[in-house]
Amino acid sequence: MSSIFNAIYAFFNQIIYAVASMRIPFDIIDILIMAFIIYKAIGFMRETRAGQLAKGLIILFLIYFVANWWNLATLKWVLSRFVDYIIIAVAIIFQPELRRILERMGHTKLVGSQGSNLENEPLDDCIDKVSRAAGVMQENKIGALIVFERATQLGEIIDTGTVINAEPSVQMVNNIFFPKSPLHDGAMIIRDARLYAAGCILPLTQREDISSQLGTRHRAAIGMTENSDAVVLVVSEETGNISIVSNGQIKRNYNAISAGAELRALLIDNKNSENGNTVISTLKHINPFKKAKGKDAAEKNELENKNSR
């Protein structure tokens, strides 16, 4: 019993020593950064199957701690061999999750600019035609799987299908997914607002918490977004329901209009907000109420000041 009190006493002594020797503000910044990383890691694991795997590893560490405390020689030896290779095991077990984290870090932009309406016009037109085609397929219960490529290049996926590189149109999308057409039984890849490839094979998700109501198309869509930052539109052949998948999460029960709005939010609005959230744009907006010249600018600045109160 005294050993427990000694351990607790030593623990609190270490905390007091750490606080007394803290370098302000560097150690505080260090703690805040680590807290943010841990917070984001927990949030990321809750969204994926990594959460269940992490719980299993924590349980193993607790068992190892108990075995070491009670001096259970055999159990301690077995677990110590496992701990020796824990880094390799984590790299293998969490490979999909680690890949997604690194890809998201790679997509982070330190310098950028707002996308202009002119740059977004081709993508907006493509989204309009794809969503209208999805509405037609929804009415006729024709299955479809349409992938919008973003920052992650999908060259390996494109190689599994046929390159068509066509201008987007409602008729073209419907013809490709028309039953018994040569390219209907696969995914369409949209690159740079063009119908770039069709008949492509997507990786299936390995998650076990997927509803049994979701078929192969939906599992392929989830698997695609788990391995890339793509956005996928799915039309169910059985029910005609339209679903949209991004970041491994699926949202269902869209129609042609709501699907188009959701795709614009994910592909255009999010892109603009990400590009706008950069170092340069931050520096430009350090003083949002900077006084401008002219009568109109003065009135505008006055109105902004009133709204900010």
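Tutor: Helices (H or I, at least four residues) and strands (E, at least two) are DSSP runs, numbered from the N terminus. This is a predicted model, where local features need pLDDT of at least 70, side-chain atom pairs count only at pLDDT 80 or more, and totals for chains, interfaces and linings use all residues. Residues are numbered from 1 along each chain as its sequence is written, and side-chain values use heavy atoms, with hydrogens and water left out.

Student: How many helices and strands does the protein have?

Tutor: The protein has 13 helices and seven strands.

Student: How do strands form a sheet?

Tutor: They pair through backbone hydrogen bonds, parallel or antiparallel. Two strands count as paired if DSSP finds at least two bridges between them. Here, seven strands form an open sheet with mixed pairing, in the order β2-β4-β3-β1-β5-β6-β7. β2 (162–166) and β7 (249–254) are the edge strands, each pairing on one side only.

Student: How many bridges join β5 to β6?

Tutor: Five, between residues 231–235 and residues 242–246, and the two strands run antiparallel. Valine 231 has serine 246 in β6 as its bridge partner.

Student: What does α10 touch on the sheet?

Tutor: Contact means heavy atoms within 4.5 Å. α10 packs on the sheet and touches β1 (144–148), β5, β6 and β7.

Student: Which residues of α10 are buried?

Tutor: Buried means under 20% relative accessible area (1.4 Å probe, protein chains only). In α10 (residues 216–226), eight of eleven residues are buried. Among them are His218, Ile222 and Met224. Across the protein, 34% of the 309 residues are buried.

Technical notes: Buried means under 20% relative accessible area, exposed over 50%, partly exposed in between (1.4 Å probe, protein chains only). Axes are lines fitted to C-alpha atoms, for helices over the stretch in contact, and angles run from 0 to 180 degrees between N-to-C directions.
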